[in-house]
Amino acid sequence: MGRGWCLAVVLGTAVPSWAQLVASIEPGGMAQYQVLISSGGTLREVIAPLEADAFSLAPSGRVAVLARADDLSIVHVNRGAVTRLHLEAPGPTMFVGWDATGGRLWLTRGRALWLVDVAESRIRRMSGPGEAHEVRLSRDGSVAYYVDRDLASAAPGGTCALWLADSAQPEPAKLSGRLLVEAICGPETAGRLVFRATDPAAGASAFVVLDRERRRVLPAAGSQSASKASLSPDGKWLALATAGGLMVSDLSGPPRVVAGAQDPWEVGDFLWVGPSRLVWTQTSGGTVRALAVADVSPEGGPAPRLVLQRPAGRQAWRLCPSPTGGACLVSVPAEPAGAETYLVGLDGLQEPIRLPLTAWPRDVAWAPDGSLVAFASGHEPAEEQMYVYDTEAAGPGAFAGLGRARRPLWSADSTRLLFLACGPNERAPTAYLYDHRRGEPGRLGNGLPVAGLEWEPDGRTARLCVHTRDTRGRALYALYAATPGRAPVLLSGPHRVAQWARTADGDLVMVSVPRPVFAALRVHDLASGEVWSPSGELDVRHARWSPDGARICFTADVFEGRSALYVAGARDVSARLVTERFLVSASSPPEWSPDGRRLALCSSGPNPTVWIYDAETGRLEPRAEGVAADSVRWSPDGRWLAFGAVPRGGTQRGLCMVDAWNGTLLAAGPDAAAYAWSPDSACVASLARLGGGPLRVVLQRAGGLAPTPLLDGEVIDASWSPDGTCLLARIRQPSGRVALRMAPVDGGPVTDLAGDTLAAEWAPRGDRLALVERGADATTHIVVAGHDGSGAVRVPLGVPAAQLHWSPDGARVACLAPGGAGTGRLWVFDPGAGALRSIGDGLDVLGMAWSPAGSWMAFRARKGASATGAYLAERDGLLPARVAIESDASDLMWLPDGSGLLVITAGDEPSTVLVRPGVQNLPRIVCQGLPLVAGAPAGVDGGLRVTRPPGL
């Protein structure tokens, strides 16, 4: 069964018809594109199917450009004409954007920048002999900026200069002079562009502003110490975040301090919300405490003012400013795992309005005029309702009876809202229209199940992508136009079109299905029951979600045990081959960066290399050539890669680090048996031997060459504190006891916390520790104390316990002593009340997992000689645990939103079963097969713990 997508556009009132470009995809094949025209309510096919692997539609909808490996096709939609252009350049095609007239299209292919003139049916190269990176278009699309990297240059890493390609000029122009460009910061704003560059003569890095009209580079005074820079929407002001606070400059003189970094306040993140208005967070001790605003003007404007001040945890506040800059929706973390949400006026004319919500808002959408804001909110997906609030008053609130709400879309006049929701007795989402002038929402499209929707350009009619089924029960998609009060009109005829919206809300699960010859990959939508295979008939080995849940990567065997890398969108039915030029090393699986945008992978063969693949641009670039690496891990900030390898020109294996953005520095430390990044990405802690000496915990700064010994001895494991200031290590003594020690990374004195420790774990916020301590008489206690051992709360445990699991809110600790023959035990400890409660009495507990919100505990256990089952218990353990699955449960995985538990059953026919906690219905089998990853993973793979390998 094929899947695809559709883009439809109205050509304007002067043309008595509309046209659309329809794409259908068959598994393992390329896209089949067709152009359709509707005239007088009759559909007719204009152009026969065209094969392509990428396409771009002009804003007017009159022209489309389709790309293949060696040519481009220009499709004139309203005339039904096709022109082919030869473009023989290796590599994928990435469309950058159209100019304002819709007559020219910028694209990259073969590491070069190209311009397609659709009117003259010609294409020309716009960049020089180097590689074009970080392409940005001007607002009208007439010029393109890019960073040119000339790898043939004698400079390290090649010269990086800023160039401008003008569509009206035959050759590009160099703009940055002698400055070496590091990165472009955002799009062009009012003819100005910000980039960070290094002056080779001075050796200093700073932010620089380019004025396109005058073709001048304007240095930003005081930006050498800045970590972030941003231009105001009118391009007149430059804001800089520095160690001294938040500063602004009009580029004619020294910057002016808007908010200084004064005790106890420091400036957090900032953003422009108008031509001269800045909003930023105030932090204290690394914790966000307040929201501030200031108006910038030549006279200095009014003093900065706090518009919201609340106690909060370590999580960042979520800011959603209105498009006009007059208001902001602010969500603040609240105990135990919810949020407080405020409507904050940025003009200082009214007090913040606290909205009656306890869950985080999702899919926030402001009306274009900034008067209304819509969003979905609810603790469970089935309970999520759509909310609409006026910036002047707290109303009208939620639409009662409409659950699973999502995807709000405002009309251009800011009066009507489209959204998807499930009404009473509805099983699938349908489209609803809310008119702010009339009140309650009404249902569109006669209640047809809708997979996607958007406004027509007239602002009065909606396009609905409707999910239906044929006589064989197979899923189909059709495109409808719906007007309030009228029956929907079929637009796409018999052609299949798929939903264009992709979600990462925990509804998707990826499954490996074992076959006699190969392992297939299947993606299951838990809400609709749909199943598709992005891997086709490939033999899948390693498969992983990106951290944001938007993409899947996997490797597949293609040659003598070596693999190729494939990448697909979360709902794509076929994956794209990434590594055509080399094979992926089987010893080092691909690793996603923390932001989910890039992949680090290693090639095998005569010239092994560490590569970076950008999933958004399609670029694949080397970072460490001639290096056979393994266990590649990203730093939490996505800047560095660490791996074990023999560096270029070296003879001994060591821990190497390379800059993931430019690959200019490759540092080698001692050979590490195990290692982990600090949470602030400042350094790596590893178990290593220096000069053949004893095994130690060694610190190595990011990009540094000199390793620093921290702890020695037979280290069992060590874990970073959440703030990255110290390491907690368990060290085996000659007597056989295991000491627990705290070692600051700044070289401070080491603190002995316990003489004999069976397990130790940081609380989520890092302010406390939980440990299981064994006394001289072999009695055991569970202890919760401050990070320095103060304020200890201890209760007898009775038996040795090997695992501690904090609840996500840090209120309770689960203590697990896995065993056999009925010896496995599970407890939950509430340090606030000093209470210890046994869970699952009479069961042999083997493993457990908290739900993401901490309200449920799931654990695997068996009773006597029976099979291992899955059980659910509330976090306090006041009610008896109930059986979820009685079959042979081998693993447990919570969905990211906590709405369901996936139980993996072993046996001759492994399967995945979905259990909804708190719902007394029968669990349902999702699929036959073992899930590789359930939903989108949280955190960076590898964690923040260094564990001693067996036998070391």
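Mentor: Let us begin with D876 and R812, whose side chains meet in a salt bridge with an N to O distance of 2.7 Å. This pair links distant parts of the chain, for the two residues stand 64 residues apart. D876 belongs to the loop between strand 79 (869-874) and strand 80 (882-885), while R812 belongs to the loop between strand 73 (803-806) and strand 74 (813-817). The two partners also fall into separate classes of accessibility. D876 has a relative accessibility of 26% and therefore counts as partly exposed. R812 has 12% and counts as buried, because the limit for that class is under 20% relative accessible area. As a general point, side chains of opposite charge can pair when their charged atoms come close.

Please bear in mind that this is a predicted model. The mean pLDDT of the protein is 78, and 79% of its residues reach 70 or more. Over residues 493-506, however, the pLDDT is below 50, although this stretch has 59 contacts in the model beyond near neighbours in sequence.

Another salt bridge is formed by D117 and R104, with the closest N and O atoms 3.8 Å apart. Here the partners lie in strands: D117 in strand 11 (residues 112-117) and R104 in strand 10 (residues 104-109), so the pair ties together parts that are 13 residues apart in sequence. D117 is buried, with a relative accessible area of 9%, whereas R104, at 30%, counts as partly exposed.

A further salt bridge joins R597 to E616, and the closest N and O atoms are again 3.8 Å apart. This pair also links distant parts of the chain, 19 residues apart. R597 is in the loop between strand 53 (591-592) and strand 54 (598-604), and E616 is in the loop between strand 55 (609-614) and strand 56 (620-625). R597 is partly exposed at 25% relative accessibility, and E616 is partly exposed as well, with a relative accessible area of 46%.

Technical notes
Residues numbered from 1 in each chain as written. Predicted model: local features only at pLDDT ≥ 70, side-chain atom pairs only at ≥ 80, totals over all residues. Heavy atoms only, no water. pLDDT = per-residue confidence, 0-100. Contact = heavy atoms within 4.5 Å. Salt bridge = Lys/Arg side-chain N within 4 Å of Asp/Glu carboxyl O. Helix = DSSP H or I, 4+ residues; strand = E, 2+ residues; numbered from the N terminus. Buried < 20%, exposed > 50% of the residue type's maximum accessible area, 1.4 Å probe, protein only.
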